[in-house]
Amino acid sequence: MSAQAMVFFLTGLFLEVAWLWLDARAHPVNPSNPAPAAKSPIPPAAKLLWGLIQQPRWLASGVLLGLAGAAVASMDALGVNQRVYIDTVWVAVPTIGLGVYLFFAGMVTGELLPRVNEQSVLTVQLLVMVHQAFTGTLFTPLTILLVVLPAAMVLYLTIRQTPTPPTLKALIYFWYLLSLMRLGLQADNLALFTAWEFTLFQGLVFGILLVFLIVHGLFAIRFFLIVSSLILPRNRVHLSQVMPLIYNDEQVPPVRYLILTGLLLAALSVMQLFNLPDSLLWLDMAIILCVQVFFQAAPLRKH
Amino acid sequence: MMSKIARIFKGVLSMGDMFCLALSPIASVGFVIFLIILASGWGGHLSLIHQYETGGRTTTARILYDPDPDSDYLFLDYNGAAGAPESGFIRTRYFKAETIAKYQQGQFLQVYYLPEKVEHEVIPVADFAEFRQYRGYWQDIWIPLLISYVIMIVHPEWLYLGLLKTGRKA
């Protein structure tokens, strides 16, 4: 890709790592003793918006995107017009370093893994279902198995509003990871890996998506092994301690959830109906924002 | 007698359990690496199929030598882009032994080739279906992958590293 697009690709990589790193260090909550909500004259919608804007991720995003924009502007001013590849030195070194860090973060720690709840899982699966419906692949066996069935189960659990056993949570979470991998393997997303040309936006989203998929892909492998080990009863003791770290029982208020999810689904449907460009990339970003911003579950202190 | 056999059996199981525990750190990383190798082989093969289906061209080739059962290649000449003569090869691992054995020196056959590719590999048109069904990238990987998997099922403690507190006071 062009040097300018590669700058934005690298920015996307580091941006997503920064987001995940900041999320992991957000103020932890103790669900057994939540702070009482104080009365406030500020409308809830304004408080919600202010709460979203206040997050340090936007400062990090502003800094990184600003630096990338300045770098690209400098390149354009200097007339830089060369193609670079993954083995170009200034690309390979940070990419390999980041890759090693992600490998250890994914396999040896859980520190970059976003915590989810039933609503974020359900929204992700609904977004994927809408996309699959527009591409005509909603009723393929793989989609039904990986997306439709889990979405139906999670919808039932969300409505039921009672605690979910750890083993069922583990299964739902594993299904959620598989549906993320299924999204990553969509033809348009796979085409990014062999594409010759990238716009700045495509480069940025590809970088963000790559880190998101790598982190979740590595943990999917790890979690597949964890779920497989549950065959032996003696291995089930740790699951009840681990699941609260990755799967939160707390839910956002239903009205907020319905509004945000409805807006996302409507936006995605409009993009698909009018064949707007890069609709799959926007879907990818919507999913990442759902998990990490809109329905973000704060990290729990480790057991 | 039965209790003696049971004791021996328990001892063997216990040794196997300790063996799995000792190997579990390596097995966890190994499982990921083997999976990546497998995915890479699968993805590479799918990509190659796609390249031949979308960008492959057909030409006539002539086999230069009789097939050697021990060789990984079957060498031939063919007319490349713009009719230029090229030397190429068929990778025999994609095909069964009897498929390769039917070819003879001097035989003409239709092949697919990729004009942009540096390697002058070709695929016989008549055997393209067999090339598509090739699953040989599994061969060297599935046994260590399975062994790693079984070890991690028996002793998954390493998988919980970083997710559980070590027991020290905060």
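This is a predicted model: local features need pLDDT of at least 70, side-chain atom pairs count only at pLDDT 80 or more; totals for chains, interfaces and linings use all residues.
Tutor: Two strands count as paired if DSSP finds at least two bridges between them.

Student: Over how many bridges do strand S4 and S5 of chain B pair, and in which sense?

Tutor: Strand S4 of chain B covers residues 108-113, and its pairing with S5(B) is antiparallel. Because at least two bridges are required, the pair qualifies, and the number of bridges found is three.

Student: Which residue in S5(B) is the bridge partner of Val111(B)?

Tutor: Strand S5 of chain B runs over 122-124, and it is there that the partner lies. The residue bridged to Val111(B) is Pro124(B).

Student: Which are the edge strands of the sheet in chain B?

Tutor: The sheet is open and has five strands, in the order S3-S2-S1-S4-S5, with antiparallel pairing. Neighbouring strands are turned on average by 45 degrees against each other, direction ignored. An edge strand pairs on one side only, and this holds for strand S3 (85-91) and strand S5 (122-124) of chain B.

Student: What angle does the direction of H1(B) make with that of S4(B)?

Tutor: Helix H1 of chain B packs on the sheet, where it touches strand S1 (57-63), S4 and S5. Taken against the direction of S4(B), the direction of the helix makes an angle of about 105 degrees.

Student: How much area do chain B and chain A bury between them?

Tutor: The size of an interface is often given as the accessible area lost when the parts come together. Here, 19 residues of chain B are in contact with 24 residues of chain A. Leu159(B), Tyr160(B) and Leu163(B) supply 30% of the area that chain B buries against chain A, more than any other three residues. Of the area buried between the two chains, 72% lies on carbon and sulfur atoms, and the total is about 2,200 Å².

Student: Which side chains meet in the salt bridge between chain B and chain A?

Tutor: The search finds four salt bridges over all chains, and the count between chain B and chain A is one. One partner lies in the loop between helix H9 (200-229) and helix H10 (239-246) of chain A, the other in helix H1 of chain B. At 3.0 Å from N to O, the pair meets the criterion because the limit is 4 Å. The side chains are those of Arg234(A) and Asp17(B).

Student: Which element gives the largest share of the side of chain B that touches chain A?

Tutor: Helix H1 (2-55) and helix H4 (142-154) of chain B each give two or more residues to that side. The largest share amounts to six residues, and its source is H1(B).

Note on methods:
Residues are numbered from 1 along each chain as its sequence is written. Chains are lettered from A and ligands numbered from 1 in the order in which they are written. Side-chain values use heavy atoms; hydrogens and water are left out. Contact means heavy atoms within 4.5 Å. Buried area is the accessible area (1.4 Å probe) that two parts lose on being put together, summed over both. Helices (H or I, at least four residues) and strands (E, at least two) are DSSP runs, numbered from the N terminus. Axes are lines fitted to C-alpha atoms, for helices over the stretch in contact, and angles run from 0 to 180 degrees between N-to-C directions.
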